[in-house]
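Let's take a walk through a protein chain together. Have the sequence and the 3D view ready, and we'll go piece by piece.

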Amino acid sequence: MKRLLVATGGGDCPGLNAVIRAIVHRASKEKEWQVLGSIQAFNGVLWEPQEIVELDNKTVAGIHFQGGTILETTNKGGPFAWPVKNHQGIWSTDDRSDEMIRRLRHMNIDAVINIGGDGSQSISQRLYEKGLNIIGVPKTIDNDLSSTDSTFGFQTAVQIATEAVDKLVTTAASHNRVFVLEVMGRDAGWIALHAAIAGGAEVCLIPEIPYDINKVKEVLEKRFHHGRGFAVVVISEGAYPENGKVTGREMGEAGYEHIKLGGVSTQFIKQLKEAGFKPDMRETILGHLQRGGIPIAYDRVLSAQMGVKAMEMAIDGEFGKMVAYRHPELVGVDIKDAITVPNLVKKDSQLIETAEGLGICLGY
Ligand code: F6P
């Protein structure tokens with residue numbers, strides 16, 4: 001019997017369960033594969049006692065439309081940066097990767113499928129370089145992984161953000177206000193740009209294009225006549241003004257890889273007021289609503305395709321590879337190529353041209 005271990009790492013995202021189910025279903029067609037799951041990314045392997053669950057067609061029945069992940073996840077720590085607290089209460093990190101590989105050998109694991117975003121796939125690559133038979137599946141609502149046309153979870157997040165724009169338009173129009181919708185995406189403006197185009201926003205500000213607050217003010221003022229009018233601005237959490245900086249909440253938590261973003265919409269409203277903009281303004285921070293709940297059908301299909309392909313790659317021994325969607329194919333690409341350069345919005349892309357053609361102000 002061959003043994004496959006599945007783990008979900010990083011922030012959760014709609015579609016994770018559909019990938020797990022697809023891996024298990026595809027594996028069950030091969031009589032000699034048994035599928036196990038590690039709880040909370042690789043913590044389940046490293047904890048004492050370990051937390052490993054057996055996954056079969058019965059365990060995964062009906063999970064394809066459930067949000068979150070039945071295996072739980074974490075975006076802190078991991079085998080290369082395991083948080084440890086010393087006697088003085090000070091946190092640092094330990095490298096437990098060699099120990100983890102030893103543990104996996106002891107468990108007779110033949111292959112690992114790691115479902116996760118850029119942070120998790122960097123871990124996959126490092127583990128592969130240490131000799132682990134590992135395959136990556138790209139997951140993130142941010143859509144910031146290269147080598148794949150898109151990641152599952154992204155379209156669901158766009159749908160949620162677009163529905164928020166639709167709702168804000170009606171209240172903005174009723175109250176003659178500007179509504180500023182802050183969406184996730186970290187350094188990538190994909191969610192903001194898609195939601196602004198789909199929802200018909202007047203302004204869209206993304207991290208890839210630092211904005212000129214006076215230009216934005218000019219555009220918004222044209223939407224008001226004698227104090228009457230309305231507008232919707234979609235702003236990505238990582239957006240920042242020309243000569244300004246990203247709005248972060250906090251950082252420094254042991255094992256947490258990023259600074260926590262959030263609050264740019266409040267800063268943006270402050271900047272507009274300081275620039276002399278008069279109409280009433282309100283912000284809405286969509287936050288983790290974009291990551292929770294059921295995946296839309298598109299993401300379920302993409303997740304199913306990626307799960308089946310990942311299992312087939314495990315059967316064929318294609319390790320050190322990540323599943324990638326290259327329309328209309330699912331292919332295996334080197335993990336290292338997917339994580340070297342992030343997939344960000346290019347200023348000279350067709351999508352930006354579309355936004356400009358629609359008259360959306362992009363901050364310049
Ligand atoms: O990477 C996915 C993401 O949702 C980002 O868009 C966001 O900045 C971050 O994760 C939030 O992370 P956390 O769940 O740790 O607050």
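We'll start with the domains and then look at some helices.

A quick note first: this is a predicted model, where local features need pLDDT of at least 70, side-chain atom pairs count only at pLDDT 80 or more, and totals for chains, interfaces and linings use all residues. Residues are numbered from 1 along each chain as its sequence is written, and side-chain values use heavy atoms, with hydrogens and water left out.

The chain's domain assignment (bounds like these come from an automatic or database assignment) gives domain 1 (2-152 + 295-338) and domain 2 (155-292). Their C-alpha centres sit 33 Å apart. Where they touch, 20 residues of domain 1 are in contact with 18 residues of domain 2 (contact means heavy atoms within 4.5 Å).

Now find helix α3, residues 97-106 (helices are DSSP runs of H or I, at least four residues, and strands are runs of E, at least two, numbered from the N terminus). Which residues of α3 are buried? They're S97, M100, I101, R103 and L104, where buried means under 20% relative accessible area and exposed over 50%, with a 1.4 Å probe and protein chains only. Looking down the axis of α3, these buried residues fall within an arc of 160° (taken from the directions from the helix axis to the C-beta atoms), so they line one face of the helix. On the face turned away from that buried side, α3 carries the exposed R102, R105 and H106. The buried residues of α3 pack against β1 (2-8), α2 (43-46), β6 (111-116) and α4 (118-129). Just after α3, N108 takes a positive phi of about 60°.
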